[in-house]
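Dear colleague,

Please find below the structure that I am handing over to you, together with its sequence. My notes on it follow directly after.

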Amino acid sequence: MANREPRDLFTAGHMRKFLVIVDESPEGETALYYAARRVHRTGGGLSLLFVIEPMEMTHWLGVEETFREEQYHKARAVFRLRARKLKTWGFEEIVPEEIIREGHLAEEIVKLIEEDREVGILVLGASTDPKGPGPLVSSLAGAKAGTFPIPITIVPGNLTLEEVNGLA
């Protein structure tokens, strides 16, 4: 086991952040609501992460640059959508930190958590697909769960907002 410096999120000058991975999935929206509800009830901050994954096999630099630019525009659009959702849900006081990273999703999540010592909880939405909860949830909550640097909260994608209210 790696020797890690303990996170000290509740002393003066520190703020516990809830980290949510944003995309356009319905379960991602449920995870966002859960995290916003927890931030509202317990204080702290909300960080939203959008990861631009590398293109599969590209030999043309122009294509890759166009793809990257399109993904940055998509990330900003998703952030705007999520900010509107927060306002619609009554969380106007929460101003999320918006983070865009490039790389492989699971790796970028771990890197961000290592870099930002105030991230205290990762909140993921689990897909309702019969094939499973989704690759990210399976990857992080499966083999890596025992060595992950912070707690992972997995919010079932089939929960209604009213049900999340009762849980968060």
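Which residue in E3 does Ile52 stand opposite? The residue is Glu102, and the notes below place this position in its context.

First, the basis of the values. This is a predicted model, in which local features need pLDDT of at least 70 and side-chain atom pairs count only at pLDDT 80 or more, while totals for chains, interfaces and linings use all residues. Residues are numbered from 1 along each chain as its sequence is written, and side-chain values use heavy atoms, with hydrogens and water left out.

The mean pLDDT (the predictor's confidence in each residue, from 0 to 100) is 86, and 85% of the residues reach 70 or more.

The protein has five helices and five strands, taken as DSSP runs of H or I with at least four residues and of E with at least two, numbered from the N terminus. Their order from the N terminus is β-α-β-α-β-α-β-α-β-α. Of the 168 residues, 39% count as buried, that is, under 20% relative accessible area with a 1.4 Å probe and protein chains only (exposed is over 50%, partly exposed in between).

Strand E2 (residues 45-52) is mostly covered, with eight of its eight residues buried. In a regular strand the side chains alternate between the two faces of the sheet. On one side of E2 the buried residues are Gly45, Ser47, Leu49 and Val51, and on the other Leu46, Leu48, Phe50 and Ile52.

E2 pairs (at least two DSSP bridges between the strands) in the parallel sense with strand E1 (residues 17-21) over five bridges. Leu48 in E2 is the bridge partner of Val20. From E1 the chain crosses through helix H1 (residues 26-42) to E2 in a right-handed β-α-β crossover, meaning that the path runs clockwise when the strands point away from the viewer. E2 and E3 also pair in the parallel sense, over six bridges.

The whole structure holds two aromatic pairs, defined by ring centres of Phe, Tyr or Trp (its six-membered ring) within 6.5 Å, with planes under 30 degrees apart stacked, over 60 edge-to-face and the rest tilted. Tyr33 and Trp89 form an edge-to-face pair, 4.9 Å centre to centre with 85° between the planes. Tyr33 lies in H1 and Trp89 in the loop between helix H2 (61-88) and E3, so the pair ties together parts 56 residues apart in sequence. Both residues of this pair, Tyr33 and Trp89, are buried.

Yours sincerely
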